[in-house]
Amino acid sequence: MISIKHLKRSIRGGKISPHFLEPSDKETREKALKLVEYYDSLLGRKYSEFSEEKMIEIIGDYKLARAFQSVLNSFYSFKTIPFNEAVTLDNDAMRSYSDLRLFVFRLLEKGFCQNMEEKEKVYEEASQKLGAGIDFDNILWLDHPDNRVLHKEKSFHIDGLIRLYNAEALTTVFLNSVEVSFKLRFFDKKIFWICKQNRLLFDISKSEEGYDLKVFGPVELFGKPAKYGYRISHAVPKLIGYAEEISAFLEVKNKKLSFSISAERYDKLTGGKLISEEVEEADSFDSIPEQKLYESFNSIDCHNWELVREPGPIIQDKTVFVPDFAFKRGNSYVFLEVVGFWTEQYVNKKLDKLSGLKDSNIILLVSDSYDLNVKKRFESLSVPILFFNVSKGVPVLKILKLLEEEFSDFEKRFEGKKEASIIVNSLRERLILKGFILDDELEGLFGSYSHEEFQKYLEFYKKGFDASWVYVPSAGIFTEQKLEEFKKLIEPCIGKDKVFLKSERPEITDTLIKFLGYDIRWKSLNETEIVKSTNTFLK
């Protein structure tokens, strides 16, 4: 990585222009080749023999030479010679250069050598005790940084080196950016996944030419941690393939600077792809509340509501909003935005964006850590809102209740089925044929999503039904004749394990057994017994 202080650039009128290298420039190629030849000549030699002055002489510019040195670190590295390669000993306790130094120093009577003769005497004694002849002057300090040896990690073409320099220079710009903006050529959901994968906060809006994507930098949100800057610089090469132009705003030595580059120019300098690599849907979550919501909602009976991560955006006029989740059930589609605790500036951006949405099915889940004024601004948006305490978890059941109360399309579905004679005919035919219809079949027939909806359907169809039947909760509907038949089947099984009965008639559930005046007693973890009960629901 090229540090900002070693990035060769010019600054005019508040604009920063990094010094890029043209891969086709003859002089640039010659200098790069000479630099590579110099590195290759040092292979196997120590770092102490490496000369930065020689690099500067070859390149002709201090900053450019230091930047090239950073880039060449991707292909070359100075490494310490492993101890077991430098010294061959049968002593298992001697495993490192520091072990060897300690062993030698302990042989010194006064802690140091007064002359060369005394040093040689100590070396000879050490060699005898170790049973090996060792060149101590060269070996003892072989792990010092100056004694590291140059290795070539991988081969490369000179064009690749020049393009990598340009890519690193661009990365340095984005690493120090407060804000990075993209003029998008087209809209693609993968853009959001890239931002999510890199855990970036972003904003997108519609323009006359297309879409504008803005990625918030570390200075704006958190001060200036390098980690967030790295995320931005890592995402840019993937996002540039969707853009026509990219702009950045930097803070360098307390100066505010701007930078812009076209996607075409970016591609020419770096050799990058104009269409980004394949991007998978993000696995990580932006916050703990989002993760808890996703895990909790998928572990309960959610009345057939499906929780969708990273749904498509809401686009209204120039406003483009990407919610965290969507709830989907039948023809109902409800968005959910989780607002954890962020800086005041970021929350204001969020509020401005939300205020631009009209008539959108959206629920806001907002941290209650905000002050009263901020809470009032959220409440003024005229959308369902739930405040939650992060430490107490996400109110999943309240969200589910709100979905049923505010966004259920039951009445519409119910009106459409009131005159559906096919349902009545199907009920009649099944009861005539089998004498019962289990709950699972009824739910499929009614198309109900919750217990409350199921009960409303059941009450409605029972009113106009000419057959006599009984509903057994959590079991199904049965003709009185079928219930008497089942009771006669259960009677001989008193005192026996219920498995004998269910192996023959699986439709006779535990609930039905109890409804008919019997009970199930557990004799052990694996054995039951059917007994008569004093409680019965059957009249």
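Strand β21 (residues 528-532) has 4 of its 5 residues buried, so the strand is largely enclosed by the rest of the structure. The model is predicted.

**Hairpins**

The partner of β21 is strand β20 (residues 518-522). The two run antiparallel and are joined by 5 bridges. Tyrosine 518 stands opposite lysine 532 of β21. A hairpin links β20 to β21 through 5 residues.

Another hairpin is built from β1 and β2, with 2 residues between them. Strand β1 covers residues 9-12 and strand β2 residues 15-18. Their pairing is antiparallel, over 4 bridges. Arginine 9 faces proline 18 in β2. In the turn, glycine 13 has a positive phi of about 60°.

The strand pairs compare as follows.

| Strand pair | Bridges | Sense | Residues |
|---|---|---|---|
| β1 and β2 | 4 bridges | antiparallel | 9-12 and 15-18 |
| β18 and β19 | 4 bridges | antiparallel | β19: 476-479 |
| β20 and β21 | 5 bridges | antiparallel | β20: 518-522 |

**The three-stranded sheet**

An open sheet is formed by 3 strands, in the order β17-β19-β18, with antiparallel pairing. Strands β17 (436-438) and β18 (469-472) stand at the edges. Each has a single partner strand, so one side of each is left without a neighbour in the sheet. Neighbouring strands are turned by 20° against each other on average, direction ignored. Between β18 and β19 there are 4 bridges. Within that pairing, tyrosine 471 has isoleucine 477 of β19 as its bridge partner.

Helices pack here too. Helix α19 (residues 439-446) touches β17, β18 and β19. The direction of α19 makes about 80° with that of β17. Helix α20 (residues 451-463) lies across β18 and β19. The angle between α20 and β18 is about 170°.

**Nonpolar cores**

Which residues have the most contacts inside the largest nonpolar core? They are Tyr39, Leu161, Phe174, Phe182, Leu184, Leu239 and Phe259, in a core of 65 residues. Helix α8 (residues 158-175) supplies the largest share, 8 residues. Leucine 161 touches Ala32, Val36, Phe68, Val71, Leu72, Phe75 and Phe156, leaving aside residues up to four places away in sequence.

**Helices α3 and α8**

Two packed helices are described by the angle between their axes and the distance between the axes. Helix α3 (residues 62-72) and α8 have axes that come within 10 Å and cross at roughly 105°. The two helices are therefore roughly perpendicular to each other. From α3, the contact uses Leu64, Ala67, Phe68, Val71 and Leu72. From α8, Leu161, Leu164, Tyr165 and Glu168 meet them. The residues of this contact divide into 8 nonpolar, no polar and 1 charged.

**Leucine 100**

Where does leucine 100 sit? Leucine 100 is found in helix α5 (residues 97-105). Its relative accessible area is 0%, so leucine 100 is buried. Leucine 100 touches Phe83, Met94, Leu130, Phe136, Ile139 and Leu140, not counting residues up to four places away in sequence. The C-alpha atoms of leucine 100 and lysine 434 are separated by 89 Å. Along the chain, these two residues are 334 residues apart.

Key. Residues numbered from 1 in each chain as written. Predicted model: local features only at pLDDT ≥ 70, side-chain atom pairs only at ≥ 80, totals over all residues. Heavy atoms only, no water. Pairing = 2+ DSSP bridges. Axes fitted to C-alpha atoms, helices over the stretch in contact; angles between N-to-C directions. Contact = heavy atoms within 4.5 Å. Core = buried A, V, L, I, M, F, W, Y, C linked by side-chain atoms within 4.5 Å. Buried < 20%, exposed > 50% of the residue type's maximum accessible area, 1.4 Å probe, protein only. Parallel < 35°, antiparallel > 145°, perpendicular 65-115°, else oblique. Nonpolar A, V, L, I, M, F, W, Y, C, P; charged D, E, K, R; others polar.
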